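Keep the view open beside you as you read.

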Amino acid sequence: MAQRAVWLISHEPGTPLCGTVRFSRRYPTVEKRARVFNGTSYVPIPEDGPFLKALLFELRLLDDNKDFVESRDSCSHINKTSVYGLVIGGGELWPVVAFLKNNMIYACVPLVEQTLSPHPPLISISGISQSFELLFGIQDFLFLGQKNDTELNTKLNQLPDLFLQACPFGTLLDANLQNSLDSINFASVPHPQKQPAWRVGTYKGKPQVSISITEKVKSMQYDKQDIADTWQVVGAVTCKCDLEGNMPNVTISLSLPTNGSPLQDILVHPCVTSLDSAILTSSSIDTMDDSAFSGPYKFPFTPPLESFNLCYYTSQVPVPPILGFYQMKEEEIQVKITVNLKLHESVKNNFEFCEAHIPFYNRGPITHVECKVSFGQLEVFREKSLLVWIIGQKFPKSMEISLSGTVTFGAKSQEKQPFDEICIGGTAYLKLHFRILDYTLTGCYADQHSVQVFASGKPKISTHRKLISSDYYIWNSKAPAPVTYGSLLL
Amino acid sequence: MGPPSRETWAQRLGAFRASPSAFMAGPEGEDLGRDLLIELRSEKLSEQTKVSLLALSLEYPAQLWPDAAAAEAAATSLLDTLVLLPPRPSALRRPLLLAATTVLAAGDALGPTSGASRRLLPLLLGLASGRDLGRGFGPASEQRPLQATACECLRELESCKPGLLGDCLGLLRRLLGQEGPVQPLSLLLALALRNALVIRAKAKAGLQGLLVAGDAPTPGGPWNWALAEEGGAHPQPQAPSWPAAEDEECGLAVLEPSPEEARELRAAVAQLLDSSYLLTPVAQAQLLWLLGWALRGLRGQPPVLFKPQLVRLLGTAQLALLHAVLALKAAFGEALFTAQDEALLLRRLTLAAQHPALPLPAHLFYLHCLLSFPENCPLGPAGEEAAPLLLGPRLGRSLLPSLLHDPMALLARLHLLCLLCAEDEEEEKGQGWSPQRYLGELLAGLRQRADLDGGPRALAALCFQASYLVVRCLATQPLVLTPLTHGLAELYRARPALAPHFVDLLDRVGPELGEPLRAVLRQEVVSRAGRDEALRWHLKILAKVADGNAPSATLGFLRAAAAHCTDWGLQQALLRVCRTLMRAGVREGLADLLQALARQLDDPDGRDHARLYYILLAHLAGPKLGVALGPSLAAPALTSSLVAENQGFAAVLMVQEAPAPIRLSVGPRRAAGPGPVLQLQVEVLEPVFSLELRFRVQGQLYAPLDAVHVPCLRPGRPCSPLLLPLQPRLPAPTQLSVRALYATPAGLTCHAHLPPVPVNFEDLFLPFPQAPDDGDKQGFFEELWDSCLPKGAESRLWCPLGPQGLEALVSRHLEPFVVVAQPPTSYHVAIRLPPDSRLLLRLEAAQAGGVPVALRTDHWAVLPLAGDYLRGLSATG
């Protein structure tokens, strides 16, 4: 369950090493156990330099990855998880859990309490999930709410102290590093009996509970006979409970209006104490019975001090909020485009913003644009080969808008023009970006009166809702488009 | 030199961290450990700097204090520093405790004989139990964090030396029940409990009241090392991997707790589980792994204890918790999870594997968990990835890949798709979108991406990895393989630069894809004009796929290409194809091409090479050619390829010195014919072909001898004797030195020196052919006898006889040469000695012990040889 070593590496393409080790921590007592458990298959933890080189090579993050290299590019070198074997000093260091996010590579090596040859299945190694939790924890600590590089550096400098707290001997005590930081600060406060380890300290002040529901809507629209359009709502409920007492109890109920779409695939925060079995089984993949559970969805919990995601859910609403088509035809150096968008009448026609982005990939630079929009305005970003149709706050009364015209391209030069591995030939998309405040597509809401709080004082309860587009694609219906298996099962 | 300041320390630590090994090898390395311990007590350094020094000792104790004695001394010094801290709040107490623990545990110093251990353990236990340790341990406000830290230190020591806290289980339970910090105590108790159970089970001993043990070691009292010693020096796996854990289960079954002990154990576990909600998710997961494997197979401990936690855990999105549930599933199977529970767990796992709110690495891990799911009733072979039975087509289809997925997710989902295709091979044919058809479309999409000009290498690699995965899973499905083969051929047509990927794929797939793919690629290449930009790639492919099929098309392509092979690299690539053809046994047309190349190529190396190949082709038989052109150890295309290949050729074409697998012996004499002939017997230890034996006479006594040839010899199969005619220049014995040249079954030509073969005096003996059949034999002999003198020499000697007497001696040794015989007493013997000498013997009036012999010869030098011979006869029997 323990970690042998942890690294944090910033990816810096273009520099000689392509990266810098920003933080590393080794655990010699765990290493000692690794030597015993792994026996002849033991490979020691390397120094930072060789590790950096081997990891960047394996992750294809070195600059010189143009040529075929068998140890990396061979067809039998198949990686299906974020767990790698690094060849270092003649031996294979395995399992190295690593991933890249925000230009930062998070890596660690968990202890495996047996021989490593042959590799035991990952599922049977307890340290693997602990590794992921640790790395996700570091990532959250560094990037949640982080605004600039200075702040990042401050946080990086706090890591050695935080590791003394959260992972002193390689066995992770708390993946929430912010919590550990707070516990350093709260160290002098006497802890009462039976306080959760994840609720460090106590809150003093006016009691208040804030609940916000954010729904993201994804869609893939094809406008084709044989391919079904798909769309999905993904919701997240975020809470911040400022309540006095050691273990205040809160129950939040999410409700749906009568015509609301049932919540499915519900994942809850570990602080939730119990779950209705209907919540556990409501699934978008394979509903166990036909009568979908439509709430109310009750979540009893003891809140941590910080803001947290009480639950995530998905939902299948009957229609996508905006339905459209995109037709693009190539005619030598120019393309002819037609776009039509229609807002569904049930959707609140009051956007914070609404834009359609129409990118052109794998082509020369845009030289000329001749387009007409029925509503809103069109902006051209030549250097990005991008058209942005700014629709604004409201759709017109007809709820339907359109764009048509031609875009002319110059000769294709190898560099600078946007490259995309999907948009080859006529395959193209437009992507919608919009946000509607105080609205959810499912209709889901947290009723202030249904929030139960068992703590001293009557808390002020505030609720917020919003709908955001995310991966909302409308594909060119005049060319092939990438499909999922789901959209083929008409 | 004054004490190092904060800056110098910062510099020193920076240099150390950059490369610990380099630093320790440098001049400052030796003193670092010592300086660090001294500086911790310096009043000039800030606490922050001291914490960073301690951080170093936490990470690199083995480098700073490399042996047990040094570690012991360092730990003692750290403990002294801790005791000497003033009673005000300090940031050093925690790291000092951690450092002392690390140094002892990592430095192999922990044990009953270590003074530092004897100090540290009671101190930690005192802190962990919240005992008042008096002044020196800081203000009351620091006690709580120190208590937690002490628990962590004890847990680490228990991890490294299982059984260390075997005596403290009762105490820990009490502390947990009172007001101790829940998480550190829970984890410590769970680990100590698990280790105690395992050690006792291994010792085949009962629990012996372990769980209710009264008091822990009294302060200052001796520490009980008994259980730790029982456990041996080795750490115990805390959460053994599943297959390994199977054995351990039987181990725990030997523990037969009394009903009361079982109740206590159950109470302890329930106590831990009930408060597990208060632990952080990662700590909850650790607790579940520890307890799950601790109770597995233990009598009287129903796994149902875990049940109340499961619903709560199944609802979370937390990776560690879901993983821990899977571990419980693996540990208890049906005893904890009914078929319905199993189905629910699979649904949650399927859901988590694609939930948009979770990050990609979590998706990938869950996908792995699905394919390695610990089923209640597994059908397939253990350890192989498979889709669980209860996953069902609906759940499975939700996890199918699409081109929009990240490469790793795509491969993981593709694997699942292949498993689904393999399952319903027979079903769904003809329906709209069968998984097979979807798979085909997906692969086509991947090929299209790999075809992107200037696209990253990763896209090409992904396409070939996907193809490989499909072939591995679906090698028996022509419906999948045929379009894949043609798709790949098309991809090659569009982007020959992917040739290295094709070669790699051909190297790794079986004949199901390999053979058709070779054929279409060969067709693809040879149907082109030879002057393509991509010529080097075509030649690379052809070197891999060319074979005996349709050689004329291949040769035609090569002839056309030769004109465009203007640089050394291309010429070598071209010649590599020729080489492949030679190995494949193509001869017709190839010789012409090689001859043309030997004249036509610009580069001298290329010309030499072509000529060499031509010579090989013209002179070596098929099998030998195959061996000669076999894979060479030398990396090709370095400097001159002739040099590179030489290693291969040298082995095959040059003669190798070797220890002989051949034994040569002289057979019975054959006294007949015009000259002496040696009969040689040959035996071999391994098959030998084309054996040539070469003989050389020492001292030019004989005319040079011809070599003897044997086509084939096999061990255990005798061959007819070899006849070696001798042509002595003098009638004298000699030795023949022998060398053997032969070919091994591997095609190598070897050379060996054999032990010399002696040619004895008697080996030269020949009878006189002109002796008359009857009549005047005596006269013939007398005539010879008289003719020896006066030119020759005469002698008399005593030839001793063995028990058999004269008759036996003559019949054994001299029979062919006897001219006049009056058995058993008198024999006249005439021997011809080549080239033109004679030896005459009169053996008359034999007595019991010997026979007097009169001998005459026309060559005086023969006399001593004859004497020696006769005297030696009786000895040889």
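## Strands in chain B

Two strands are said to pair if DSSP finds at least two bridges between them; strands (E, at least two residues) and helices (H or I, at least four) are DSSP runs, numbered from the N terminus. With that in hand, look at B:Leu797, which stands opposite B:Val853 in E13(B). Strand E9 (residues 793–800) of chain B pairs with E13(B) in the antiparallel sense, over eight bridges. Strand E12 (residues 837–843) of chain B is also antiparallel to E13(B), joined by five bridges, and here B:Leu841 stands opposite B:Leu855.

How much of strand E13 (residues 850–857) of chain B is buried? Seven of its eight residues are, where buried means under 20% relative accessible area, exposed over 50% and partly exposed in between (1.4 Å probe, protein chains only). The hairpin of E12(B) and E13(B) has six residues between the strands, and there B:Ala845 takes a positive phi near 55°.

## What the record says

UniProt, in an unreviewed entry, lists residues 780–872 of chain B as "domain: AP5B1 C-terminal". UniProt positions follow the numbering used here, feature names are shortened, and annotations may be inferred rather than shown by experiment. The span is 29% helix and 39% strand, and its end C-alpha atoms lie 28 Å apart.

## How the model was read

This is a predicted model, in which local features need pLDDT of at least 70 and side-chain atom pairs count only at pLDDT 80 or more, while totals for chains, interfaces and linings use all residues. Residues are numbered from 1 along each chain as its sequence is written, chains are lettered from A and ligands numbered from 1 in the order in which they are written, and side-chain values use heavy atoms, leaving out hydrogens and water.

## The nonpolar cores

A nonpolar core is a set of buried Ala, Val, Leu, Ile, Met, Phe, Trp, Tyr and Cys residues joined through side-chain atoms within 4.5 Å. The largest has 222 residues, of which A:Ile138, A:Leu159, A:Leu254, A:Phe299 and A:Phe301 touch the most other members. Helix H11 (residues 182–202) of chain B gives the most to this core, with 13 residues. Another core, of 95 residues, lies apart from it and includes A:Tyr222 and B:Leu491.

## A buried leucine

B:Leu287 is found in helix H15 (residues 281–295) of chain B and is buried, with a relative accessible area of 0%. Its C-alpha atom is separated by 9.7 Å from that of B:Leu189, 98 residues apart along the chain. Not counting residues up to four places away in sequence, B:Leu287 touches several residues, including B:Leu187, B:Ala190 and B:Leu272; contact means heavy atoms within 4.5 Å.
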